[in-house]
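My notes follow in the order I checked things.

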Amino acid sequence: MGEMVIKNFQDDFETIVKEIKKQIVGQDEIIKMVLIGIIAGGNVLMEGAPGLGKTVLVKTFSKVLDMPFSRIQFTPDLMPVDITGTVMINKKENGMEFEFEKGPIFSSIVLADEINRATPKTQSALLEAMQEKTVTVGKTTYQLEEPFFVLATENPLEMEGTYSLPEAQLDRFMFKLNINLPKMEDLFKIIDLTVDGKDEPKLRKCATKEKIVDMKKMAMKLPIAASVKERAIKIMLQTHSDRTDIQMVKDYVKCGVSPRGIQSIIAAAKVKALSEGRFHVALEDIYQMVFPCLGHRMFLNFKAMADQITSDTILREILKKVK
Amino acid sequence: MKKNKIDIILNKLRRKIWISNIVKSLIDVLFIASIGFLCFIIIAHITPVVYVFNKGLILITYMIILGFIVGVLRRPSIVKTALVGDKLGLKQRLETYLEYKNCDVFICEIFKEETEDTLDNFNLLKKYKFNIQWKKVLISCVVCVLSVGIYFIPSLSMDKAIEKQDINKELKEEAKNISELKKNIGQDEEDENISENYKKEILLSLDNLEKKLNKSFDYNEGALQVSDMEKKLKKMNSKNTSEDMKCIAGIFDGLDNEENLQKEMFSYKNVNTYNKLNNEEFTDKEQERISENIKTMQKSSKNYNDKQKELLNKIKTTTEDKNLSGNKLQELIKKDNKKMEKFEKDAQTKLTSMKERLLAKGNEGFKSLGGEEKGADFAKGENDDHKNGEINNEKSDQMAIGDDGNQRIKSSSGVGGSGIGGDSEDDVAKEGKVDKNNKVTRLGEDGNNRSNVKGNWQNEGSITNKYSEDVILVNGEFKSMDSMYNIFKKEGMEYISKQEIPLEHRQLVIEYFDKLNRGQQNGGNGY
């Protein structure tokens with residue numbers, strides 16, 4: 001069984017990507033990364049200006065993957081109970097009864113749309129679910145079903161009416177992907193697909209939730225050389241100003257990457273290797289996962305903001321050194 | 001255990017990397033050695049360096065050997081090989097393989113299969129190319145050619161070095177004779193009786209001499225070494241015999257004259273010094289006692305060497321025949337020493353002729369180098385060797401090596417005595433104050449006999465050989481003496497004047513000169 005999963009991994013991966021590409025145009029890399037995140041069991045945060053197809057992308061995933069899906073539209077007045085659910089009083093024949101009404105979090109794919117429009121209090125409602133895959137309401141803790149992952153979208157921070165995500169929240173996202181404007185030819189295709197009156201592409205379910213769980217299990221067993229792991233650790237350590245000799249890190253980094261960052265890199269690199277038909281993790285897998293995995297986990301100081309230094313710039317510097 | 005396909009490829013790659021390392025190392029070393037060689041040649045043009053070309057070649061050879069050894073030692077580990085392979089495009093497959101080689105989880109098996117498939121389509125060995133730095137090779141060759149070219153540019157230093165080399169070659173030839181001499185030791189049947197210690201000591205000394213001659217670049221230095229060896233040889237024999245005598249002195253234990261006899265034995269310098277023994281007569285009882293002493297000595301735990309044992313046996317046999325006397329004992333000792341003396345004489349003869357050759361070569365004078373006239377500077381005898389006494393020569397065609405004291409060869413009048421002469425004139429050479437341009441009266445002229453002249457013939461102290469011209473001759477034999485002298489000067493004087501006259505031949509020499517003086521005991525030409 002496992003052997004079949006591992007041997008067909010690349011095909012299954014390609015099939016899902018191909019199916020999503022029917023709907024999403026010009027975001028091939030983002031599709032792959034989201035799928036890697038889903039299989040690796042991580043949460044994905046997508047940042048981009050409105051109208052770039054973030055929400056459509058997640059909705060398409062929910063259509064292609066045969067698993068429960070729920071969408072939460074984050075607004076400033078959204079309350080935590082709106083996410084987790086609440087205890088309701090039901091009137092029954094023999095009297096009144098308290099019953100827990102599950103919120104939208106009790107799904108496999110949760111779309112947290114415009115997550116940074118909610119207050120930090122509401123955003124924090126996702127913390128437990130994202131990390132421990134449990135929800136605690138009152139004195140009761142509910143276990144979420146596997147697979148569970150949050151696909152969140154956010155508008156760029158400088159936009160009106162946004163609250164930046166707290167560090168702890170950000171750290172729980174495996175990837176933060178920046179959605180950019182598609183290329184010219186892709187925009188043509190988008191127009192053709194959406195406003196030219198053509199029929200919407202028919203999407204078929206390509207993978208069940210069991211399959212996704214199996215794929216994750218197999219991927220995590222993939223062999224990885226110690227030197228490759230070591231390289232990932234070195235990269236992570238170089239993000240800490242007290243553990244590096246890179247001047248840029250010392251100057252601009254307020255808080256380096258947590259060990260969760262390495263876990264994310266390794267897990268994502270394993271899935272990536274399998275998705276490319278390799279049965280081991282290569283260094284290039286690690287290097288490619290550095291930006292989506294670590295960029296949002298590194299917190300820069302005011303000086304960096306003043307000098308317009310981004311975390312990607314610093315990571316590039318670190319990679320130059322480590323490579 | 002059947003080797004995995006990946007392992008086989010890894011090992012092949014490892015070998016290839018290894019060879020590459022050796023080649024790289026050799027090229028690096030060749031590059032360094034060629035520059036070293038060039039420096040060597042340039043230095044040789046500034047200051048004389050003997051055998052510079054050979055030394056340069058040896059340097060290159062050693063460096064190449066060193067480079068090869070370094071290359072061999074730099075055998076890549078299998079992990080390093082895997083790293084190299086991965087860098088060629090295998091994306092950490094080999095490294096991961098080495099880590100999960102023994103893992104039998106199915107995903108690892110799949111990984112191994114996939115790696116094997118990849119290696120089938122990926123000619124790893126072909127992809128790894130030898131990194132030969134042709135530039136370095138070319139530069140090294142150019143530098144070597146340049147060095148050879150520079151080597152042949154004539155220069156004063158180079159000429160000096162070549163001359164030294166020629167001298168050294170000749171000294172090496174002489175060293176071969178020493179080697180022959182070493183081989184001869186112990187080959188004669190009689191030599192077998194020479195004690196092992198003595199043989200060892202001789203061989204060691206001859207070894208040293210051979211080494212010194214091989215390293216020497218000066219005839220005089222070589223001659224000096226040979227001269228030292230001569231002396232050493234003589235001392236060795238004397239020391240050995242003296243020890244033998246001390247060992248056997250115990251034969252006189254319990255005799256009436258024990259103390260005197262033993263003292264005589266202990267005071268051995270050479271066999272001729274046992275004068276007291278000559279007059280000694282042993283009674284039968286004393287001979288019995290000696291015989292018993294010998295028996296006791298033979299039974300004792302003391303280790304006597306072959307020579308001592310043989311001598312004891314002979315004395316014992318003689319005492320048993322009641323035939324032992326002081327004279328007989330001296331004869332036995334002499335007979336025993338003859339073997340040693342024979343060897344010593346042979347060796348001495350060879351060494352002496354060697355020294356003579358070297359001195360003759362050294363006396364050829366100073367060759368003018370590069371057209372410079374140098375001989376003139378040395379015409380007044382400025383060639384001094386202070387290493388072991390003095391060498392002084394007033395004529396450019398004469399030279400001597402000083403021994404323990406001072407030796408001088410002079411074209412002067414009179415006979416030198418002991419000590420070093422000053423520059424005073426008209427001194428009478430009684431107490432040996434004769435030197436340059438001195439006018440001296442001949443021996444016996446003023447009634448002195450030879451005993452008045454202090455100083456021995458090149459034994460201890462100083463000897464000054466003088467050529468007398470204006471000496472009044474007793475029997476008017478000046479002319480004939482002069483002609484004799486000329487003959488002697490040509491053939492023998494050179495030899496005599498440079499040699500130590502062995503003490504035991506002192507009498508002979510005195511007689512010789514007596515005959516030269518036509519039996520005039522106290523007269524002659526003052527040689």
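**Salt bridges between the chains.** I am working from a predicted model. I began with the charged pairs across the interface and found a count of one salt bridge between chain A and chain B. I then looked up its partners. The side chain of B:Lys91 meets that of A:Glu284, with 3.2 Å from N to O. That distance falls inside the 4 Å cut-off for a salt bridge. I also listed the polar contacts and got six residue pairs between chain A and chain B, both residues at pLDDT 80 or more.

**Which parts of chain A touch chain B.** I asked which elements of chain A give two or more residues to this side. They are helix H1 (2-21), helix H10 (226-238) and helix H13 (283-294). H1(A) gives the largest share, four residues. I sorted the residues on this side of chain A by type: 12 are nonpolar, four polar and five charged.

**Extent of the interface.** I noted 21 residues of chain A in contact with 13 residues of chain B. The buried area between the two chains comes to about 1500 Å². Carbon and sulfur atoms give 68% of that area. Which three residues of chain A supply more than any other three? I found A:Pro223, A:Phe279 and A:His280, which supply 35% of the area that chain A buries against chain B.

**The five-stranded sheet.** Next I traced the strand order in chain A. The sheet is open, has five strands and reads E3-E6-E9-E1-E10, with parallel pairing. At the edges I have strand E3 (69-73) and strand E10 (173-178), each pairing on one side only. Neighbouring strands are turned by 15° against each other on average, direction ignored.

I checked one pairing in detail. Strand E6 (residues 109-113) of chain A runs parallel to strand E9 (residues 149-154), and four bridges join them. Within this pairing, A:Leu111 has A:Leu151 in E9(A) as its bridge partner. I then looked for a helix on the sheet. Helix H2 (residues 28-40) of chain A packs there and touches strand E1 (43-47), E9 and E10. The direction of H2 makes about 175° with that of E10(A).

**A salt bridge within chain A.** I counted 28 salt bridges over all chains. One that I looked up joins the side chains of A:Lys176 and A:Glu47, at 3.1 Å from N to O. This pair links distant parts of the chain: A:Lys176 sits in strand E10 and A:Glu47 in strand E1, 129 residues apart.

**The hairpin.** I moved on to strand E7 (residues 134-137) and strand E8 (residues 140-143) of chain A. They run antiparallel and are joined by four bridges. A:Val137 has A:Thr140 in E8(A) as its bridge partner. E7(A) and E8(A) form a hairpin with two residues between them. In the turn, A:Gly138 has a positive phi of about 60°.

Most residues other than glycine have a negative phi, and most peptide bonds are trans. A:Lys133 has a positive phi of about 60° although it is not a glycine. I placed A:Lys133 in the loop between helix H6 (127-132) and E7 of chain A. Where does A:Pro147 lie? I found A:Pro147 in the loop between E8 and E9 of chain A. The peptide bond from A:Glu146 to A:Pro147 is cis, with omega near -15°.

How values were computed
Residues are numbered from 1 along each chain as its sequence is written. Chains are lettered from A and ligands numbered from 1 in the order in which they are written. This is a predicted model: local features need pLDDT of at least 70, side-chain atom pairs count only at pLDDT 80 or more; totals for chains, interfaces and linings use all residues. Side-chain values use heavy atoms; hydrogens and water are left out. Contact means heavy atoms within 4.5 Å. Buried area is the accessible area (1.4 Å probe) that two parts lose on being put together, summed over both. A polar contact is a pair of N or O atoms within 3.5 Å; within protein, one must be able to donate a hydrogen and the other to accept it, and residues adjacent in sequence count only if both atoms are side-chain atoms. Ala, Val, Leu, Ile, Met, Phe, Trp, Tyr, Cys and Pro count as nonpolar, Asp, Glu, Lys and Arg as charged, and the others, Gly among them, as polar. Two strands pair if DSSP finds at least two bridges between them. Axes are lines fitted to C-alpha atoms, for helices over the stretch in contact, and angles run from 0 to 180 degrees between N-to-C directions.
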